[in-house]
Number of protein chains: 2
Amino acid sequence: MISDLKNKHLSTIETAVKALHTRGFFAQYPENPMPDIYGENADKEGRDKYKAMLNKNFEELQQENPEAWVGQEETPYEQQPLGVKYPYFSVETLVSRADEAFHQWRKVKPAERAALLVESLERMKERFFEIAYATMHTTGQAYMMSFQASGPHAADRALEAIAAGYEEQTRFPEHMEWEKPMGKYTLKLNKTWRAVPKGIGIVIGCSTFPTWNTVPGMYASLVTGNPVIIKPHPKAVLPIALVVAEVQKVLVESGLSPYICQLAVDADDHLITKELAEHPKVKLIDYTGGNEFGNYVESLPGKITFTEKTGVNSIIIDSVQDLDKVAQNLAFSLSLYSGQMCTAPQNIYVPEGGVKVGDEVVPFEEVARKLADAVTGLVNNPKAGPHILGAIQNPATAERVKEAASVKGKELLTTCDFSNPMFANARTCTPVLYEVDATEKESFSRELFGPIALVIKTKNTDQSIAIAKEMAMNYGAISCGAYTTDEETKEKIMDEMGLAGTPVSFNLTGGIYVNQNAAFSDFHVTGGNPAGNASFTNPEFVIKRFTWVGFREPVAS
Amino acid sequence: MISDLKNKHLSTIETAVKALHTRGFFAQYPENPMPDIYGENADKEGRDKYKAMLNKNFEELQQENPEAWVGQEETPYEQQPLGVKYPYFSVETLVSRADEAFHQWRKVKPAERAALLVESLERMKERFFEIAYATMHTTGQAYMMSFQASGPHAADRALEAIAAGYEEQTRFPEHMEWEKPMGKYTLKLNKTWRAVPKGIGIVIGCSTFPTWNTVPGMYASLVTGNPVIIKPHPKAVLPIALVVAEVQKVLVESGLSPYICQLAVDADDHLITKELAEHPKVKLIDYTGGNEFGNYVESLPGKITFTEKTGVNSIIIDSVQDLDKVAQNLAFSLSLYSGQMCTAPQNIYVPEGGVKVGDEVVPFEEVARKLADAVTGLVNNPKAGPHILGAIQNPATAERVKEAASVKGKELLTTCDFSNPMFANARTCTPVLYEVDATEKESFSRELFGPIALVIKTKNTDQSIAIAKEMAMNYGAISCGAYTTDEETKEKIMDEMGLAGTPVSFNLTGGIYVNQNAAFSDFHVTGGNPAGNASFTNPEFVIKRFTWVGFREPVAS
């Protein structure tokens, strides 16, 4: 059975390995939820299946003897509980089951593990629409983002981790006859090498991207032979529960233990994450979320950690060709999922002397106004606004938007109110925008998660670059956008932001945005600043999950 | 000039990269100090040059304005000071010079950095004999080991790090035109990626292998664009000072700053290592030495660390073909450099029921006696003893041998006395050997650095394996030897010691020893247990020294 899977999927894996190295466009899973791609009734069937899961126990997992059934999700579109209940297990049960499964899973060959995991992605593909609705009604993402981010884009990120893990484990020979000429004779040793997995991994999910941010670490640990325990955010369980269920089905069909990949949910009255993370048998931790908990995770002794925390993302505006197009592009980036992306821009640096547009210089005030107007235009466009903004996942985010009014600066956009025509009770908020002077560092030297952006008036572009770099080095950054028509300035930005470990998107206009990261091409959070080191997917993301161990013996004479 | 070096050395680098992946025998630098290889007078000239350096200032470094001239080396063969003085600089001076040089070095392309570094190894090769005598008279190694370990073997390890660093930095394209089909149009982005070095590296050397353990980290940091500060052990400076001097010459000849690679020595009245390691500008630390300081290094926040600490290395004896050959092989491993190798065996597990030899069973007592006799025979052989044992680097090691008598067990060999016929005043010590029961865990659950070994009486081989694994997991292990003629037992040992991240050499007899590690084939300290993670040279050893950063921009239409 597992050898059938290997035959079925090895070419996909090898194609994916090649794509890792060319870094051109590559997608295994189509991002477009069109009927001609996913089937005439795929959307409707997915929605119906999603609805059928509500207010019930989630019975698809193959984890025996739950101690309780728990769940606390609610949809930001209705502000109502989903009513889905998941099986609860104590940390000891989860860890001892994982430990037993470890000794089975580590003995499966890397190519077979990879193939089994690709099969699970093929099964996940069949449920992209269910996952989309589950994502929409836990995270508040709009429909299109829910489909793309939690479905095809997440699956591509997972495939990327599988491919990288497969490649790294097969990069050195399993066996080599080593022959050393010693003058009068030849010394001959049979040498073998094994990629030994580290042990139990846990993956701690976040509330905004429950599959996209979880599957890379999950599949990276699995492909390298480690059992995983997936601990989603208690408010966003269902999307990843569907993925775990599919992995378990493929494991069991292959004669393997479902405990190689377990779902762990928090009890309704207490969170289990710290107990899990601190368990001595847990060796690998993947984490997405806030800084405070992320720093705690990184500080745990004896663990190998991969974190994606938060950062202060910058936009540097120096000189542009078409200011309106720039404003529209940035308005979209600020509004997309109401700024609840780790890659969303926050600090927009504009020189006090204005921005060069072709041969003219547009004054600072006009640049700021154009930005605010572009946001207003976008969110008030009934064909765009609701589909871009989505809803606010966490009530605390809406609170943060109100508090932003205390920033020491000038109000550019303060009205957050927005009505979603399809969901009257949705928790929504449009971007707010304040103008702040570069001297008011306290106002902008921290992440303001959500639809909050600041236009920061700098002395000149050199100061813009210096502050953007300082923010990234001190507080982390996951993305940076820059607009300049000057080659020397562009090189300076690459050099300085490069030192701050921050990728830069230059002169984006039209249908491509600073927030977006493509699997197989854009590295994500590569560890160069305090925002984290999750690095989807460069070699570091997979090789730290196993140890090379060599064995040798003289060749029998 | 630097492009000439690239033309000169690129094929060597590419050959080395291939060797990394085949893992067969590969050596760029011949290990045999024969006149037909290194020249008729190479040995004599090297010795003369070494002698000419004594009792003088070491003037070869290109580091300006020293604050003092310091030095505290002494030869274990004479127990006399070398009298070599090195330029002393404050930590602030070292770090600010490195920081300035960083911005020059990081802009040199990986292939050019690699070529420049290979050139420095070619220059080092011209000085292998000087380095050998300097090593002999600081570490106490015998002549042959001094030559091989500090010369060709070290240079091969350095080349391995260069090759791995070059490969990893050129593994992804510098540029790619990314084209995403969007239905009605194609989105086109120019993407570029840069391997951005982390910053200043320091390399903290040890007193026993001053070049072999230093050059891998030194060259790994350099090839990935980081300036390095080499901080040798105050008792073993000269061998690596010669290497640093050669690197500086090549740098200056190439129009680059010598401060890209600096030597840092401790003041005579205080050590500077902690101040260096804690400096916020220092990002990378390579360390070889004891556990206590190694754990401190690993605990420093915000640093990327590579450590080689100590461990409890085990020998498991289950069943053998020829017990005498096994005893001779182990006697050599115990005696080599008087057990002052990180790979030297310490705990030898023998079942109380004896060892199967062919069809017979040899009782425990006879196995222990044969081991002791083999050691005695070897050290008393005037043609072998002095050339294998060398001298004792540190007086504390000799003290430790005396204290070993307090072990709760039976004395097998207690006389440590040995006279070196060529150096009457040498600090020497032959291996001592005690028999200990497996229940006396306190006696053997720690590293006893130096010529101290224990024959541990276990219930059976399963217990031997269990204890060897436990020692490795709790206290670290860098090597393990095992003797078994049973395939099932061999697989069990591989499986269990693999989980403890410990390489195993099986059934070694004749001219190959558990202590020995070959560059380009044997991974060394790969991070699977507390002995460290220095991992010469697997990908992890180089990729953590830089960050991938991507840049992208729409293709101009």
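**Helix pair.** I started with H17(B) and H18(B): H17(B) passes H18(B) in a right-handed crossing (left-handed would have the near helix turned anticlockwise from the far one by less than a right angle, right-handed clockwise). The contact takes in B:Ile465, B:Ala468 and B:Ala472, among others, from H17(B), and residues including B:Ile493 and B:Met497 from H18(B); contact here needs C-beta atoms, placed from the backbone, within 7 Å.

**Ground rules.** I'm working on a predicted model, where local features need pLDDT of at least 70, side-chain atom pairs count only at pLDDT 80 or more, and totals for chains, interfaces and linings use all residues. Residues are numbered from 1 along each chain as its sequence is written, and chains are lettered from A and ligands numbered from 1 in the order in which they are written. Helices (H or I, at least four residues) and strands (E, at least two) are DSSP runs, numbered from the N terminus.

**Sheet.** Next I looked up the open sheet in chain B: 5 strands, order E9-E8-E7-E10-E11, parallel pairing. Pairing takes at least two DSSP bridges between two strands. The edges are E9 (261-263) and E11 (304-308) of chain B, each pairing on one side only. I also checked E10 (residues 282-288) of chain B, which pairs with E11(B) in the parallel sense over 5 bridges. Within that pair, B:Leu284 stands opposite B:Ile304.

**Helices on the sheet.** I then found H11 (residues 291-299) of chain B lying across E10 and E11, at about 165° to E11(B). Axes are lines fitted to C-alpha atoms, for helices over the stretch in contact, and angles run from 0 to 180 degrees between N-to-C directions. H8 (residues 215-223) of chain B lies across E7, E8, E9, E10 and E11, at about 170° to E8(B).

Notes: Two residues are in contact if their C-beta atoms, placed from the backbone, lie within 7 Å.
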